[in-house]
Amino acid sequence: MSREESQIPELIRHLGGLRTGVARAISEQTGVAEAQIYGVGSFFHLLNAPDVKLRVCQGLSCRLAGSENVLESIGGNGVLASPCSCLALCDQPPAVLNDRTLSTWNDGEVVALDEAALGGAVSESRSDMAIDLAGEPDFSNRALNRALELGPQAVLDVLEASGLQGRGGAGFPAHLKWRAVRDQAETERFVVLNADEGEPGTFKDRAVLARRPDRVVEGLTIAARVIGANDVTIYYRGAFESLMDKDFEYRGVRFHLHSGHGAYICGEETALLEALEGGRGMPRLKPPFPTTKGLWSKPTLVHNVETIACLPEIIMRGGEWFRGLGRSEPGSKLYSISGHVQKPGTYELPLGVTLDELVEEAGGYVGTLKAFSPGGASSGFLPASERTRPLDAKSLAEVGSMLGSAGVVVLNETVKMPWAALHQLRFFAEESCGQCAPCRIGTRLLAEQLTQHLSSGAPLDAVDDVAWEMGEGSICGLGQTAALPLTSAMKYFPEEFSR
Ligand SMILES: Cc1cc2nc3c(=O)[nH]c(=O)nc-3n(C[C@H](O)[C@H](O)[C@H](O)COP(=O)(O)O)c2cc1C
Ligand code: SF4
């Protein structure tokens, strides 16, 4: 892909989306094949249906809040509205996207949310936590200055001592990635911020961007200076546009802001890089990893927003301090929580608190706990009996689940598990990029089988085989975990799946 080709999605957007004639017009202007332009535009939800005015979230938390009825009401008013995947507003459901403005449905109206509202409910200010969402933004650059005084090797040692692991879902140790990029012979290197936040149930990065942009910019600048990069690219989901600035330069580092165009899979780091280069957002085979061959085939450090936002306080207070914040694993952690709790929001707590402790912070349960999803849709469901299990990577892996992005969704006794599983399956079927057959076919097949089961009692006899195929034969985490909402619901609530 050439640097000119990377402009294609923006050109399509500029011309009002993928309308008739748009691909040809751009082809004539750029010399890029019309089919390629069409292929890119048709991949992204926000480009491929230009006449849709409003998009109504069908994520689990929004469904619990009646988003299906919202779709009907809006459609009844003659406005072109469509269902869409999770909008990262699970704490203020039902969520609606008006062009690229994140809104909620209130008293029969679409209400746009300003920056304060997008910050959402958070823990009270606690300066003994790494991010402190309710704290005052601090643009003094203390941590950056300190990092520059310390020098790269000392910063890497602090990072290693902190035990910081990626907060985007995979949990890879941060210092290993930094060293891997820094050790490359190639001196043109990049930092990429993954602000695509699309995992259903997860909205913590939105809260960080709205409340603590100081931490993000300072953390990114530190990362760039330590790994020897002059350019940082922020890839943010289209729905976060109101939280974003234009390109800027800061302390010798150039920041490039890139709006996503609606595709959950672009949160996967290599799909994100493909999208940044102007292609369809399809994950690459790994290895090579982005640390050696990332953006434009150059060594690239990709990090989640929360991971980066932890850096300033790690530098200021030391690695041991951060490590000690966690209960069972290092650090404090941002948990997004929504569904049947009194005060859905983003809460920063020691890594390894239990569901009961997290829900206490969120004002208590609504109704009686039946099940919960601990780490986004990909983590499946756990029964109420797991309410005292530490919400950390190791403890959740022991029961076949995962911490993932720590997007916790709470379900009470009113929820039927096949219904909940079906919505998660439909999400994955909708968002599969389609390049691996087990994922492309398996997600649709499971959703279809469950639909048949619910309507006519048809048996769910192929589930285990299909889930195995998907787990073994998919390139990326989407296909590898997409069956889990169904298999976990069937495991813990078998009576709800019998004829
Ligand atoms: C299907 C899929 C979706 C993902 N979505 C996101 C996302 O929205 N945000 C994110 O930071 N990481 C996401 N990831 C994880 C990224 O691939 C990558 O591990 C992460 O951005 C690295 O940053 P970290 O080390 O700070 O966690 C996703 C992974 C998969 C497989
Ligand atoms: S597993 Fe699914 S989403 Fe991931 S690359 Fe394959 S088809 Fe695409």
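Ligand 1 is surrounded by 22 residues, of which Gly166, Gly168, Gly267, Asn304 and Gly477 are the closest; a residue is taken as near a molecule or strand if its C-beta atom, placed from the backbone, lies within 6 Å of it. The structure is a predicted model, in which local features need pLDDT of at least 70 and side-chain atom pairs count only at pLDDT 80 or more, whereas totals for chains, interfaces and linings use all residues. Residues are numbered from 1 along each chain as its sequence is written, and chains are lettered from A and ligands numbered from 1 in the order in which they are written.

Helices (H or I, at least four residues) and strands (E, at least two) are DSSP runs numbered from the N terminus. The most is given by β10, with three residues. By class, the shell around ligand 1 comprises six nonpolar, ten polar and six charged residues; Ala, Val, Leu, Ile, Met, Phe, Trp, Tyr, Cys and Pro count as nonpolar, Asp, Glu, Lys and Arg as charged, and the others, Gly among them, as polar. Domain 3 (142-322) and domain 5 (417-497) each supply at least three residues to this shell.

Around ligand 2 there are 14 residues, and those that come nearest are Cys433, Cys436, Cys439, Cys476 and Gly479. Here α20 (437-456) and α22 (477-481) are the elements that give two or more residues to the shell. Its residues divide into eight nonpolar, five polar and one charged.

The domain assignment places domain 1 at 5-48, domain 2 at 54-113, domain 3 at 142-322, domain 4 at 332-412 and domain 5 at 417-497; such bounds come from an automatic or database domain assignment. The centres of domain 2 and domain 3, taken over C-alpha atoms, are separated by 30 Å. Contact between these two domains involves 14 residues of domain 2 and 13 residues of domain 3, two residues being in contact if their C-beta atoms, placed from the backbone, lie within 7 Å. On the side of domain 2 that touches domain 3, α5 (60-64) and β4 (101-106) each supply at least two residues. That side of domain 2 consists of eight nonpolar, four polar and two charged residues.

Strand β4 is joined by four bridges to the antiparallel strand β3 (residues 95-98), where strands pair if DSSP finds at least two bridges between them. Leu97 stands opposite Leu102 in β4. The hairpin of β3 and β4 has two residues between the strands, and Asp99 takes a positive phi near 60°. Strand β4 also pairs in the antiparallel sense with β5 (residues 109-112), over four bridges, with Trp105 opposite Val110 in β5. In the hairpin of β4 and β5, again with two residues between the strands, Asp107 has a positive phi near 50°.

Helix α11 (residues 204-211) is largely enclosed by the rest of the structure, because eight of its eight residues are buried. These are Lys204, Asp205, Arg206, Ala207, Val208, Leu209, Ala210 and Arg211. A residue is buried if 20 or more other C-beta atoms lie within 10 Å of its own, exposed if 12 or fewer, and partly exposed in between, with C-beta atoms placed from the backbone.
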